[in-house]
Amino acid sequence: MKLNLAEKVLAYAALLLAAVLLAGPLAILFFSSLKTPAEIQSNPHALLPQIWRWENYGDAVTAMPFFLYLRNTLLICLGSVIGTVISCSMAAYAFSKLQWPGRNLLFGVLIGTMLLPWHVTMIPRFLLLREVGLYNTLGALIVPTFLGDAFSIFLLRQFFRTIPEDLSEAARIDGLGEWGIFWRIILPLSKPAVATVALFQFIAAWNDFSGPLLLLSDKRNFPLAYGLEQFVSSYSDQTHLLLAAATLFTLPIVILFFLTQRTFLKGIATTGLK
Amino acid sequence: MSSTRNRIAGYAFASPWLGGLVLLYLFPFAASLYWSFCRYDLINPPQWIGGENYTRLADEIATGTGFGQALANTAYYAAVGVPLSILLGITLAVLLSLPVRGQAIFRTLFFLPSVIPVVAASILWMWLLDPKEGIVNYGLASIGLGTPGWLQSSGDMFSTFWRTGTFAPGSKDALVLMSLWGVGNFMVIYLAALGDVPKSLYEAAQLDGAGAMRRFLHITLPMLTPIIFFNLVMGLIQSVQAFTQIYIVSEGRGSPAGSTMMISLQLFLSAFQHLDMGYASAVAWLLFVLLLVATLLLFRTSRRWVYYGG
């Protein structure tokens, strides 16, 4: 299909309009985070700052325990990525490469848990985590990821299924056990899928707000997402600091997205379609 | 021999998830069902009170207070937001599949808002939608659409228009707008589906003299119906589950005037502010049943309009 000139102009106009409406707010966020407090008040609608005040970032970082929050966020991200990758790849192996009674039924249950609203399990989960002494520790946000999550298991299973059974058979004849096949053959062949799951979990943990809200009470344990929300209530009249803090919190995710874009978009299309 | 080994290995590999299924799903599922028939304040042990929590819910639905108000707000959020997300998702995907240069850049720009952390996005939109200083109202005023109250107004767009004939989006409309900003996930799925539509169908239709609009309505749209259905179901579930942005823009109170008090927030406050775990569990279970019924109804109607020919 080819477009004629008029159609092309129309297409570009629509694409540009959509780009401005969707990406515009991010540009506004970034440039406004560099304005002086006075300029934010007097001239909030100009895109570019008259004076680029990079000190806003320094001020935002010192206005809250930024690096403590960042450390907590990174610990939660790291721990939950490890937990998710281990537990989910193991379960995905069981659901794709092994035959065992109840497998299909349990796979149905797995899909069912994806559709279950969190409301139904929230209160007992909270009490359970409190009972085992994890309340108000970073562990409350990490330990549950070692018990698998349906979305990641599903994504990995879809990938494992595409690996030819002959490879496993050959390894079995060579005397490799199931763990050996999983660890030395399936996992190394599944690096793209494992990377996708790790990426999604990292971003989910970075962004998570309701988990910390529910399970953490001590400021020393707050991750950035929660610390930032606390910051909003105490600095609501200092828009330049709020925008600078929000930018600092967002920037790593935007950079990560640019670096991993293909993995990212493919992962979404896979779980939605197949 | 190898099959027994396979069997044991199956359970062994699935065991972390099976443990999670019991601890994080089955136990909580049963416990919250039981507690929904109890009075439970975390300090004293749960005390059986029969269906009292549920009769209270029925009262609140009848009077439009408490859960009734939350249900109405959530229903509005889903009923306005989900159809718009379908419309916008398809429109953006179609734009991105037009044969012009630079599509990779546009795709990135369109998707970018979807990766922005909800906390940061909420802070940004609270500022952009500020009735006096916000750039959105600045833009609206310059084209003669006034300066609506957005997050600071408890009214909603449709009932205000019905009563006064003016365009004045309120707090829930602002939340819908914020959710539409993150439509990229669905857009990517539509885009992938558009790529799967056989080119020969379009070529044949073009030879038969079908214009762009007819090709869209009779080829593209039917091929997209499975994704529209997926979007409908997931969009409904996501609207009901939305919490973070609502909590942040309403300072955890559902303000202004309870207009953003949605089921998630009401449940959270009942449980962790009023320590009314029994009532909160009943809210959760009623919500679960309502959602299940709605999903099943959607599945039933899907036979009539979803095309699984491909």
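**Exercise 1.** Classify B:Arg39 as buried, partly exposed or exposed.

*Solution.* Take the cut-offs: buried is under 20% relative accessible area, exposed over 50%, and partly exposed in between (1.4 Å probe, protein chains only). B:Arg39 has a relative accessible area of 43%, so B:Arg39 is partly exposed.

This is a predicted model, in which local features need pLDDT of at least 70 and side-chain atom pairs count only at pLDDT 80 or more, while totals for chains, interfaces and linings use all residues. Residues are numbered from 1 along each chain as its sequence is written, chains are lettered from A in the order in which they are written, and side-chain values use heavy atoms, without hydrogens and water.

**Exercise 2.** State which residue forms a salt bridge with B:Arg39, and which elements the pair ties together.

*Solution.* A salt bridge needs a side-chain nitrogen of Lys or Arg within 4 Å of a carboxyl oxygen of Asp or Glu. The partner is B:Glu52, with the closest N and O atoms 3.4 Å apart. B:Glu52 lies in helix α2 (residues 52–63) of chain B and B:Arg39 in strand β1 (residues 38–39) of chain B, so the pair links parts 13 residues apart in sequence. Helices (H or I, at least four residues) and strands (E, at least two) are DSSP runs, numbered from the N terminus.

**Exercise 3.** Describe the salt bridge between A:Glu165 and A:Lys97.

*Solution.* The N to O distance is 3.4 Å. A:Glu165 belongs to helix α9 (residues 165–173) of chain A and A:Lys97 to helix α4 (residues 66–97) of chain A, so the pair ties together parts that are 68 residues apart in sequence. A:Glu165 is partly exposed at 33% relative accessibility, whereas A:Lys97 is buried at 7%.
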